[in-house]
Amino acid sequence: MQAQMAPAPGVLTIDLGALVENWRRVACEVAPARAAAVVKADAYGLGAAQVVPVLAAAGCRAFFVANLVEALAIRALVPDDALLAVLNGLHPGGEAFAAEAGITPVLNSIAQARRWQAFGRPAMLQVDTGMARHGLGFEEAVVLAGDAEFRGAVPLLAIISHLSCADEPDRAENAAQLARFEAAAALFPGVARCFANSGGVQLGAAWHGDLVRAGLCLYGAEPADGRAEPFRPVVGLQARVLQTRTVPAGTGVGYGQTWHAPRETRLALLSIGYADGFPRSLSDRGAVWAQGATLPIVGRVSMDVTVVDASALPEGALAEGELVEIIGPHRPIEAVAQEAGTIAYEILTQLGGRYQRIYC
Ligand SMILES: *Cc1c(COP(=O)(O)O)cnc(C)c1O
């Protein structure tokens, strides 16, 4: 008997068709700019090995990861005519690996630029326009722009920068960063511009440049509230009922007994915990959904078990082994993240390794 045939504690469903549709939607929205896919952190936890091939088949020709090790891991999945770029740049000693594998670094400092120059291969150049993360300052960009040796050695595929407040369309910082970006990009006439992430796509055409870098929205989470046509959800997560039990009023539940039953209460124990990436911050808050009812989480989320108050359902409603919805149509990922005091990015990238994964 194969272990993967046994009932898993949870089922993670990843809708690759919806993912492709989300990418196509971005590509249409930003045309004539092109849409790159950001597939760092194992495609936001959903599996770069599955995500990259379907996006490549749909026509995506630019992929971004965070670091060289991630790039090398998916190198063979990225078509030869596509870009594979490393956002965080290369640690000293990584250059030869990238050059040999045809991986494009994003150069984030003068030192990175100098080290890459020796290899005479293409790169992208990042300028910091207002978040004090990586990238050259404007004056450094002026230096490199005027450096004939660098310019002769390194074909620049794009000038890039990153938005700090793209998920808040009303923030003035979005326009301020755009102005700084345009000033820096003007130092490199004719070089492509790459600026917007998922949130930036929604800011409008001025932010799109020639290539947008879409991550979150591909994976079905909304980068900001109030989008007219929401992206299609990609992730469904269910956990199994371990058992139900009825406890008398006053019973303390879970580690630390942080919750006491106010009345006789039917509890359902679920086979999911913080070891699965289900945040411990959901202790005594948040909920799951089953058979038409929202069942609040009671007590602390522990490593492998979460307890919910199932009193809203008739006795016997939740059989052992039955699946309840953790993320899905009734439990949108944005709501789960908010209840947990975090963001959908973190929920996605923490999805654990104990689920049965179904790609459809
Ligand atoms: C992660 C990342 C992106 C993608 O951001 P989303 O908000 O997920 O679309 C784009 N650019 C950079 C530099 C990033 O680090």
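By class, 20 nonpolar, 13 polar and 9 charged residues make up the lining of the largest pocket. The model is predicted. Its chain is divided into domain 1 (16-219) and domain 2 (235-359). Each of these domains gives at least three residues to the pocket lining.

**The largest pocket**

- The largest pocket holds about 1,000 Å³ of space.
- Its lining counts 42 residues, and those closest to the pocket centre are Asp167, Asn197, Leu216, Ile343 and Tyr345.
- Five elements are named as giving two or more residues to this lining: helix H2 (40-44), helix H10 (198-203), strand E9 (211-214), helix H11 (333-339) and helix H12 (344-349).
- H11 gives the largest share of the lining, with 4 residues.

**The two domains**

- Between the C-alpha centres of domain 1 and domain 2 the distance is 38 Å.
- Domain 1 brings 9 residues to the contact, and domain 2 brings 8 residues.

**The interface**

- The size of an interface is often given as the accessible area lost when the parts come together.
- Here, about 810 Å² is buried between domain 1 and domain 2. Carbon and sulfur atoms give 69% of that area.
- On the domain 1 side, the residues that lose the most area to domain 2 are Tyr44, Leu46 and Leu216. Together they account for 53% of what that side buries.

Terms used. Residues numbered from 1 in each chain as written. Predicted model: local features only at pLDDT ≥ 70, side-chain atom pairs only at ≥ 80, totals over all residues. Heavy atoms only, no water. 1 Å grid on protein atoms, 1.4 Å probe; cavity = no way out; pocket = protein on both sides within 12 Å on 5 of 7 lines; lining within 4 Å. Points joined across faces, edges and corners; volume = space filled by probe spheres on them. Nonpolar A, V, L, I, M, F, W, Y, C, P; charged D, E, K, R; others polar. Domains from an automatic or database assignment. Contact = heavy atoms within 4.5 Å. Buried area = accessible area lost by both parts, 1.4 Å probe.
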